[in-house]
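Welcome! Please take a look at the structure below, and then let us walk through it together.

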Amino acid sequence: MENKPSDKTLFAMDLTARMAVEELAQETKLPQEELLLEFMKSNVAKMLYDDSTKLWWDGPSAVAEEFKSQKEWK
């Protein structure tokens, strides 16, 4: 049986994603809605919502940096 993250963990993951997208939007001047759609399709989002990676523990700035590196943004 697969272990699913608790509601609190899912909330932390959602909040981390939202804050990372907000940070990216401020930095790139792109609309948050556009970035959120792109982010949620990315491997970074898959990693973020895979509790075994614990990526959400690193915080929104680390998630944003990982997204930028995978998108090859500087």
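Contact here means heavy atoms within 4.5 Å. Leaving aside neighbours within four places in sequence, valine 44 is in contact with Phe39, Leu55, Val63, Glu66, Phe67 and Gln70. This is a predicted model, where local features need pLDDT of at least 70 and side-chain atom pairs count only at pLDDT 80 or more, while totals for chains, interfaces and linings use all residues. Residues are numbered from 1 along each chain as its sequence is written, and side-chain values use heavy atoms, with hydrogens and water left out.

**The nonpolar core**

- A nonpolar core is a set of buried Ala, Val, Leu, Ile, Met, Phe, Trp, Tyr and Cys residues joined through side-chain atoms within 4.5 Å.
- Buried means under 20% relative accessible area, exposed means over 50%, and partly exposed lies in between (1.4 Å probe, protein chains only).
- The largest nonpolar core has 17 residues, and those with the most contacts inside it are Phe39, Val44, Leu48 and Val63.
- Two or more residues of this core come from each of these elements: H1, H2, helix H3 (43–48) and H4.
- Helices are DSSP runs (H or I, at least four residues), numbered from the N terminus.
- Which element gives the most to this core? That is H1, with 7 residues.

**Aromatic pairs**

- Rings of Phe, Tyr and Trp (its six-membered ring) pair if their centres lie within 6.5 Å; planes under 30 degrees apart count as stacked, over 60 as edge-to-face and the rest as tilted.
- By this rule the count comes to 2 aromatic pairs.
- Phenylalanine 39 and phenylalanine 67 make a tilted pair, 5.5 Å centre to centre, with 50 degrees between the planes.
- Phenylalanine 39 lies in helix H2 (residues 32–40) and phenylalanine 67 in helix H4 (residues 60–71), so this pair ties together parts that are 28 residues apart in sequence.
- Both phenylalanine 39 and phenylalanine 67 are buried.
- Tryptophan 56 and tryptophan 57 form an edge-to-face pair, 6.0 Å centre to centre, with 90 degrees between the planes.
- Is each of these tryptophans buried or exposed? Tryptophan 56 is buried, with a relative accessible area of 19%, whereas tryptophan 57 is exposed, at 58%.

**Salt bridges**

- Side chains of opposite charge can pair when their charged atoms come close.
- A salt bridge is a side-chain nitrogen of Lys or Arg within 4 Å of a carboxyl oxygen of Asp or Glu.
- How many salt bridges does the structure hold? It holds 5 salt bridges.
- One of them joins the side chains of arginine 18 and glutamate 22 (3.2 Å, N to O).
- Arginine 18 and glutamate 22 both lie in helix H1, 4 residues apart, which is about one turn of the helix.
- Arginine 18 is exposed, with a relative accessible area of 55%, and glutamate 22 is partly exposed, at 27%.
- Another salt bridge joins lysine 68 and glutamate 27, whose closest N and O atoms are 2.6 Å apart.
- Lysine 68 lies in helix H4 and glutamate 27 in helix H1, so the pair ties together parts that are 41 residues apart in sequence.
- Lysine 68 counts as buried at 7% relative accessibility, while glutamate 27 counts as partly exposed at 41%.
- Glu27, Glu65 and Lys68 are linked in a network of salt bridges.
- Lysine 54 and aspartate 51 also meet through their side chains in a salt bridge (3.2 Å, N to O).
- Lysine 54 is partly exposed at 30% relative accessibility, and aspartate 51 is partly exposed at 22%.

- Threonine 9 sits in helix H1 (residues 7–28) and is buried, with a relative accessible area of 13%.
- Not counting residues up to four places away in sequence, threonine 9 touches Asp51 and Trp56.
- Leucine 15 is also in helix H1, and at 38% relative accessibility leucine 15 counts as partly exposed.
- Leucine 36 is found in helix H2 and counts as partly exposed, at 38% relative accessibility.
- Leucine 36 and glutamate 23 are 13 residues apart in sequence and 11 Å apart in space, C-alpha to C-alpha.
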